[in-house]
Amino acid sequence: MRLVYNLALEQRRDWWRHYRRQTGNRLNYIAQARELTALRAAFDWIAAVHVTPQQQALRDLDKAYANFFAGRAGYPSRPARRA
């Protein structure tokens, strides 16, 4: 689910300050999973894909950020394209 991962990464990278001002909450897996649920209800093409891989993409991104902030990895980036 590269699309979900990349969109969530962009949201965390570019929109986290705006999100925090608007909601008072942190932008993390729970917040993004809640938004995914709303998107699945609003858009059939998102709901057409099973929810488990979409949620796993959000979990993977959350772990990438945890590793970055713990000093175990570099800043999260977009996954490389497969040939």
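**Exercise 1. Decide whether Arg12 is buried or exposed in this predicted model, then find its charged partner.**

Step 1. Start with the accessibility of Arg12: its relative value is 8%. The cut-off for buried is under 20%, so Arg12 counts as buried.

Step 2. Now look for the partner. The side chain of Arg12 forms a salt bridge with that of Asp62, with N and O 2.8 Å apart.

Step 3. Asp62 has a relative accessibility of 28% and counts as partly exposed.

**Exercise 2. How many salt bridges does the structure hold, and which residue pairs with Asp14?**

Step 1. The structure holds two salt bridges. One of them is the Arg12 and Asp62 pair from the exercise above.

Step 2. Asp14 pairs with Arg13, and their closest N and O atoms are 3.0 Å apart. The distance cut-off is 4 Å, so the pair qualifies as a salt bridge.

Step 3. Compare the surroundings of the two partners. Asp14 is partly exposed at 43% relative accessible area, and Arg13 is partly exposed at 41%.

**Exercise 3. Which residues touch the most other members of the largest nonpolar core, and which elements supply two or more residues to this core?**

Step 1. The largest nonpolar core has 13 residues, and those touching the most other members are Tyr5, Leu9, Leu58 and Leu61.

Step 2. Two or more residues of this core come from each of H1, helix H2 (29-42) and H4. H4 gives the largest share, with five residues.

Step 3. Take a closer look at Tyr5. Leaving aside residues up to four places away in sequence, Tyr5 is in contact with Ala57, Asp60, Leu61, Ala64, Pro76, Ser77 and Pro79.

**Exercise 4. Work out why the ring pair of Tyr65 and Tyr75 is edge-to-face, and where the two residues sit.**

Step 1. Begin with the total: there are five aromatic pairs in the structure.

Step 2. For Tyr65 and Tyr75, the ring centres are 5.5 Å apart and the planes meet at 85 degrees, so the pair is edge-to-face. The angle cut-off to apply here is over 60 degrees.

Step 3. Tyr65 is part of helix H4, whereas Tyr75 is in the segment after H4, so the pair ties together parts that are ten residues apart in sequence.

Step 4. Tyr65 counts as buried at 7%, while Tyr75 is partly exposed at 39%.

**Exercise 5. Which residues make the nonpolar surface patch of about 510 Å²?**

Step 1. The patch is made by Leu3, Leu7, Leu39, Phe43 and Trp45.

Step 2. Leu3 is in helix H1, and its relative accessibility of 44% makes it partly exposed. Patch residues need over 30% relative accessible area, and Leu3 at 44% passes.

**Exercise 6. Where does Ala47 lie, and how many Å apart are Ala47 and Asn25 in space?**

Step 1. Ala47 is found in helix H3 (residues 44-47). With 32% relative accessibility, Ala47 counts as partly exposed.

Step 2. From C-alpha to C-alpha, Ala47 and Asn25 are 26 Å apart in space; in sequence they are 22 residues apart.

Terms used:
Residues are numbered from 1 along each chain as its sequence is written. This is a predicted model: local features need pLDDT of at least 70, side-chain atom pairs count only at pLDDT 80 or more; totals for chains, interfaces and linings use all residues. Side-chain values use heavy atoms; hydrogens and water are left out. Buried means under 20% relative accessible area, exposed over 50%, partly exposed in between (1.4 Å probe, protein chains only). A nonpolar core is a set of buried Ala, Val, Leu, Ile, Met, Phe, Trp, Tyr and Cys residues joined through side-chain atoms within 4.5 Å. Helices (H or I, at least four residues) and strands (E, at least two) are DSSP runs, numbered from the N terminus. Contact means heavy atoms within 4.5 Å. Rings of Phe, Tyr and Trp (its six-membered ring) pair if their centres lie within 6.5 Å; planes under 30 degrees apart count as stacked, over 60 as edge-to-face and the rest as tilted. Patches are made of residues with over 30% relative accessible area and no salt bridge: like charges are joined within 9 Å, nonpolar side chains (Val, Leu, Ile, Met, Phe, Trp, Tyr) within 5 Å. Accessible areas come from the Shrake-Rupley method with a 1.4 Å probe; for residues, only the protein chains shown count as cover.
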